[in-house]
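Colleague: I would like to learn how to read the features of a model like this one with some care. Could we go through them together, beginning with the surface?

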Amino acid sequence: ENLIQSYRDVNPNLSIYLSIPPPLYLILKPLHWTNYNIRNHTFEVNELLPDIIKSISIKNHCILVDVFNALGGKNLTKPQCFTEDGIHPNDLGYNLIAETVAA
């Protein structure tokens with residue numbers, strides 16, 4: 001929130017966008033290897049982070065880009081949008097992200 005305010009201090013008319021990142025599909029696609037420490041934070045990313053970012057966005061009058069729900073949300077309904085690691089979107093996922101940002 002301090003970062004948002006620092007930008008607003010410089011330009012009070014600035015439109016600030018906050019994005020809820022894509023969900024993690026590690027539950028559906030477990031890996032035997034990974035270099036990503038995020039594997040241990042699936043609950044935080046999928047259950048806590050979306051509500052935190054939404055709250056910050058509302059409180060600070062930011063524009064919310066909900067990539068999380070566009071790519072399946074808490075119910076993980078779009079595994080076809082991710083690469084086999086369950087973390088990174090594939091071409092279909094990136095297209096949905098682009099459509100969500102453009103909307």
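Modeller: A patch is made of residues with over 30% relative accessible area and no salt bridge, where like charges are joined within 9 Å and nonpolar side chains (Val, Leu, Ile, Met, Phe, Trp, Tyr) within 5 Å. Accessible areas come from the Shrake-Rupley method with a 1.4 Å probe, and for residues only the protein chains shown count as cover. In this predicted model, where local features need pLDDT of at least 70, side-chain atom pairs count only at pLDDT 80 or more, while totals for chains, interfaces and linings use all residues. Residues are numbered from 1 along each chain as its sequence is written, and side-chain values use heavy atoms, with hydrogens and water left out.

Colleague: Which residues form a nonpolar patch on the surface here?

Modeller: Leu3, Tyr7 and Leu14 do, and together they have about 290 Å² of accessible area. Leu14 sits in the loop between helix 1 (2-10) and strand 1 (17-20), helices (H or I, at least four residues) and strands (E, at least two) being DSSP runs numbered from the N terminus. With a relative accessibility of 32%, Leu14 counts as partly exposed, a class that lies between buried (under 20% relative accessible area) and exposed (over 50%), with a 1.4 Å probe and protein chains only.

Colleague: How should I read the helices and strands along the whole chain?

Modeller: The chain has 4 helices and 2 strands, and read along the sequence they follow the pattern α-β-α-β-α-α. Of its 103 residues, 35% count as buried. The accessible surface of the chain comes to about 6700 Å², and 57% of that belongs to carbon and sulfur atoms.

Colleague: How many salt bridges does the structure hold?

Modeller: Side chains of opposite charge can pair when their charged atoms come close. The criterion is a side-chain nitrogen of Lys or Arg within 4 Å of a carboxyl oxygen of Asp or Glu, and the structure holds 2 such salt bridges. In one of them, the side chains of Lys59 and Glu1 meet at 3.2 Å, N to O. Lys59 lies in helix 2 (residues 42-59) and Glu1 in the segment before helix 1, so this pair ties together parts that are 58 residues apart in sequence. Lys59 is exposed, with a relative accessible area of 58%, whereas Glu1 is partly exposed at 43%.

Colleague: What distance separates Lys74 and Asp51, N to O, in their salt bridge?

Modeller: The side chains of Lys74 and Asp51 meet at 3.7 Å, N to O. Since Lys74 lies in the loop between helix 3 (67-70) and helix 4 (91-102) and Asp51 in helix 2, the pair ties together parts that are 23 residues apart in sequence. Both are partly exposed, Lys74 with a relative accessible area of 37% and Asp51 with 47%.

Colleague: Is Asn60 buried or exposed?

Modeller: Asn60 is buried, with a relative accessible area of 12%, and its place is in the loop between helix 2 and strand 2 (63-66). Leaving out residues up to four places away in sequence, Asn60 touches Glu1, Ile4 and Arg8, contact meaning heavy atoms within 4.5 Å.

Colleague: And how many disulfides are there?

Modeller: A disulfide is a pair of cysteine sulfur atoms within 2.5 Å, and by this rule the count comes to 0. Cys62 is buried at 12% relative accessibility, and Cys81 is buried at 1%.
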